Amino acid sequence: MLTPNLTVNASGHLCIGGVDTTMLAKTHGTPLYVLDENMIRENCRGFERVISEEYGGKGLICYASKALSCKELYRVVDSEGLGCDVVSGGELYTALQAGMPAEKIVMHGNSKSNSELQMAVSHDVGRIVCDNLPELKRLDQIAGAAGKTVNVMLRIKPGIDAHTHDFVKTGQIDSKFGFALETGEAMQAVKAASLYPNLRLVGLHCHIGSQILDTEPFAEAARVMLRLMNQVRAELGITLTELNLGGGPGIRYTEHDDPKPFGEIVRAILAALKGICTELDFPEPFVLFEPGRSIVGGAGLTLYTVMAKKVIPNIRTYVLVDGGMCDNPRYALYHSEYEALIANKAGQPRDERVTIGGKCCESGDLIGEDMPLQAAEEDDILAVLATGAYNYSMASNYNRNPRAEIVMVRDGEARTIVKRETYADIIQNDL
Ligand code: LLP
């Protein structure tokens, strides 16, 4: 199986966290997102363990809300000692409502509105990562009006081309995010930020991309950022004390993926950081990481009901399910690959090759193509694996499909953490 928390029981059914997925489908309906709480907790602890073992605990793991934001998930990561990053007023609101301490929240966004900045300032979020010069100016005014000094980090493009999908690369010069290093823009931004009376510049941030499978781009980013901090000290006499290295460790979506475990990635980053600090005689900064996918991605799966099978001779076989791009737009957007299996036939070989089609009125509404699958029949339960990240959070009401329910399983028990939307929910803002 793709992840160790997935097993097959005596009836040949797929189980997650000890819970039979076919029972979940029966009691909660489909489409259904399922999250394994123990695996999420273990992932949180895995990150923290490396920081404490390799870096004396001088850091904070801020779960990246964009991977999946809902109140119960914030409660879980908070109880494991993590903070979170948010990238919108909506994520910030959800985190605060769930009781996430504001000082452990990092506020992101390349186009934050004044009201989002005001919200962050009035709740005293721990750090605001500024993306551009107009934002710095607006934030200074907003902080001044509130009579506060806010902790600011600057988002830097370190010029590193991580090997991942073009749409999820963010660290290279041609990116809408942050200040470029090569052009001198980054130094100018540091200078500007340090002069605003209501901003306290605490450090720098970078995020080189997502679903990165190797350690070296991360280690290189750490070295590049530290050199910039050293340049800031030399040229401006400012010693920045914090470095936020973003998120990005990849996960196993299919049996062909072989990502470096995130523990190994963080260990390599911290080793690179310590090495460059010694070399430059620079005090080791407080580090922040913002993992999203590697915390929740592999801990989730989605269950669908097979509605029909359509064999197009010599072309392909469609297995049609009761969800699709409205709950998982990642194949339509990035051609992302997934493993799928028939949950009620999990013990049988996957000896057919199929295209999984969704219910949306769009030919591109697919979960995947040329996927190995057990022989599917009407009313079977299809499980798509590793859907914990960027599925629910990117879901839509396209075709006015209600967003699916999320259940969390733990030690053989399941509980609903996000209710299924109703048709009434869908029209609630229609006048
Ligand atoms: N921090 C920042 C500033 C980010 O921009 C991101 C992701 C993260 C942290 C978390 O990255 P992670 O650890 O999850 O890789 N929708 C795309 C992924 C977009 C990621 C954008 N930023 C997908 O479905 O693959």
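1. Helix H4 (89-97) and helix H11 (330-334) each contribute at least two residues to the lining of the largest pocket. Helices here are DSSP runs of H or I with at least four residues, and strands are runs of E with at least two, numbered from the N terminus. H4 gives the largest share of this lining, 3 residues.

2. This is a predicted model, in which local features need pLDDT of at least 70 and side-chain atom pairs count only at pLDDT 80 or more, while totals for chains, interfaces and linings use all residues. Residues are numbered from 1 along each chain as its sequence is written, and side-chain values use heavy atoms, with hydrogens and water left out.

3. The largest pocket has a volume of about 900 Å³. Of its 38 lining residues, the closest to the centre are Lys 66, Val 87, Glu 91, Phe 177 and Tyr 390. A pocket is an open set of points, on a 1 Å grid over the protein atoms alone, where a 1.4 Å probe fits, with protein on both sides within 12 Å along at least five of seven lines; lining residues have an atom within 4 Å of a point. Points are joined across faces, edges and corners, and the volume is the space filled by probe spheres set on them.

4. Where does the largest pocket lie? Domain 1 (6-30 + 299-427) and domain 2 (37-294) both give residues to its lining, so the largest pocket lies between them. The domain bounds come from an automatic or database domain assignment.

5. By class, the lining of the largest pocket holds 14 nonpolar, 14 polar and 10 charged residues. Ala, Val, Leu, Ile, Met, Phe, Trp, Tyr, Cys and Pro count as nonpolar; Asp, Glu, Lys and Arg as charged; the others, Gly among them, as polar.

6. The second largest pocket has a volume of about 430 Å³. Its lining has 19 residues, with Met 39, Asn 43, Ile 251, Pro 261 and Phe 262 nearest the centre. Helix H2 (37-55), helix H9 (262-280) and helix H10 (293-296) each give two or more residues to this lining, and H2 supplies the largest share, 5 residues.
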